[in-house]
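Biologist: Put the model up and let's go through it bit by bit.

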Amino acid sequence: MFFASDNGGPVHPAIMEALAAANEGDAMAYGDDALTARARDALRATPEAPEAEIFLLASGTAANALALATLAEPFQTIYATPDAHVINHECNAPEFYTGGAKLTPVAADAGKMRPEALAQALDPARFHSEHDGAPGALSLTNLTELGTLYSPGEIATLARIAHAAGLPVHLDGARLANALAATGASPAEMTWKAGVDALSFGATKNGAMGAEAVILFDPARARELALRRMRAGQLLSKHRYLAAQMLAYLEGGLWLDLARSANARTARLANGLREIGAVEIAPEPQGNILFARFPRALHQRLLAAGAEYHLMDGDAQKGTPEEPLTARLVCAWSTPQESIDRFLQILRSLTA
Ligand SMILES: *Cc1c(COP(=O)(O)O)cnc(C)c1O
């Protein structure tokens with residue numbers, strides 16, 4: 001009953017096989033190999049962006065921080081939501097790699113930035129002089145950290161506001177596949193066609209061993225990102241193994257199939273939880289993450305039975321039994337259906 005995160009699961013067998021197949025003989029290091037050339041082509045073709053520049057890296061934090069460093073100057077501000085991974089969970093890597101740009105939260109509803117709040121934050125009247133710093137970039141996340149979804153139209157609305165103020169737009173796509181599987185939008189519609197300039201394209205949480213990419217839709221920034229990636233120690237010498245993962249991940253639409261599985265598992269879990277009176281689900285889950293609120297005593301029993309997940313707002317062991325606590329429950333493509341059913345069955349038996 002593992003629901004702690006979608007990066008706890010195994011590597012998809014097709015990706016493992018691709019790694020084994022890549023493990024033959026010699027190849028040029030640092031990305032000058034045939035497999036990397038193919039992976040870059042496949043990553044350009046995925047959002048139908050033949051001019052885009054592709055950078056493979058080993059972590060999503062590196063992808064986000066280096067992409068943002070390429071988009072914003074040290075004296076500028078990057079706007080994101082209060083729950084954004086770039087603000088809360090990257091140990092200030094974006095601030096570090098930008099050389100000190102400021103990350104400012106903009107009000108959001110259920111993880112989605114409010115357009116009017118962004119417009120207000122970028123109001124030119126706020127920027128009188130050098131004392132006020134300057135706006136630098138917008139960073140959005142889809143699927144959001146709260147398991148909700150922007151449609152391509154909603155991304156486009158926010159991107160128009162940013163572009164009107166001269167800001168480039170970054171999209172944290174650690175779970176882009178889950179967002180695309182849920183909306184049915186194409187990768188192009190959700191990214192550059194909606195105004196995204198730089199994309200962190202995740203694979204690790206959805207079946208890879210450890211492979212992420214930055215896709216720069218504006219190739220003019222590529223030279224800078226190449227230098228920044230090397231300086232950050234993120235240009236892996238054995239690049240072909242990153243490339244092999246990405247190729248297998250994209251091959252035949254595997255990445256979207258895996259995301260559909262993860263989303264379907266979460267929907268199954270959500271449907272089961274809805275039938276249990278003591279459980280409150282909010283916000284409405286749209287991908288593979290859900291937040292469920294129920295009394296501490298139930299958490300204690302689930303955890304004792306072997307369930308693994310994170311609590312957002314309290315300690316399972318310290319406090320009154322009736323106090324409600326919020327669990328973040330994440331399904332991966334690989335989450336066994338029996339785990340979901342067992343989790344639900346335990347809850348049902350406790351609340352019957
Ligand atoms: C997991 C995650 C990342 C990347 O995390 P790494 O552990 O550095 O690979 C980035 N953004 C979001 C929203 C995430 O959930």
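Biologist: Where does L143 sit?
Modeller: L143 is in the loop between β6 and α7 (152–164). Those labels are DSSP runs numbered from the N terminus: helices are H or I of at least four residues, strands E of at least two. Bear in mind that this is a predicted model, where local features need pLDDT of at least 70 and side-chain atom pairs 80 or more, while totals for chains, interfaces and linings use all residues. Residues are numbered from 1 along each chain as its sequence is written, and side-chain values use heavy atoms, without hydrogens or water.

Biologist: Cis or trans, the peptide bond from N142 to L143?
Modeller: Cis, with omega near -10 degrees. There's also a cis bond joining A282 and P283, where omega is about -5 degrees.

Biologist: And which loop has P283?
Modeller: The loop between β10 (280–281) and β11 holds P283.

Biologist: OK, phi angles. What's phi like at Y30?
Modeller: Positive, about 60 degrees, although Y30 isn't a glycine. Y30 is in the loop between α1 (13–22) and α2.

Biologist: And what about C91's phi?
Modeller: C91 has a positive phi too, near 50 degrees, and again the residue is something other than glycine. You'll find C91 in the loop between α4 and α5 (93–98).

Biologist: Buried or exposed, that C91?
Modeller: Exposed, because its relative accessibility is 75%. Y30 comes out as partly exposed, at 46%. The cut-offs are under 20% relative accessible area for buried and over 50% for exposed, with partly exposed in between (1.4 Å probe, protein chains only).

Biologist: New topic, the sheet. What's the strand order?
Modeller: β1-β9-β8-β7-β6-β2-β3, in an open sheet of 7 strands with mixed pairing. The edges are β1 (53–57) and β3 (102–105), each pairing on one side only. Two strands pair if DSSP finds at least two bridges between them.

Biologist: How many bridges join β1 to β9?
Modeller: There are 5, and β1 and β9 run antiparallel. Across that pairing, I54 stands opposite I215 in β9.

Biologist: What about β8 next to β9, parallel or antiparallel?
Modeller: Antiparallel as well, over 5 bridges. Here S200 stands opposite V214 in β9.

Biologist: Which way do the β9 side chains point?
Modeller: E212, V214 and L216 point one way, and A213 and I215 the other. In a regular strand, side chains alternate between the two faces of the sheet. In β9 (residues 212–216), 5 of the 5 residues are buried, so the strand is largely enclosed by the rest of the structure.

Biologist: Parallel or antiparallel for β6 and β7?
Modeller: Parallel: 4 bridges join β6 (residues 134–141) to β7 (residues 169–173). S139 has H170 in β7 as its bridge partner.

Biologist: And I78, which strand is that in?
Modeller: I78 belongs to β2 (residues 76–80). I78 counts as buried because its relative accessible area is 0%. I78 and L138 are 60 residues apart in sequence, yet 5.6 Å apart in space, C-alpha to C-alpha.

Biologist: Which element gives the most?
Modeller: β1, with 4 residues. E53, I54, F55 and L56 are all in that lining, and β1 is an edge strand of the sheet.

Terms used
1 Å grid on protein atoms, 1.4 Å probe; cavity = no way out; pocket = protein on both sides within 12 Å on 5 of 7 lines; lining within 4 Å.
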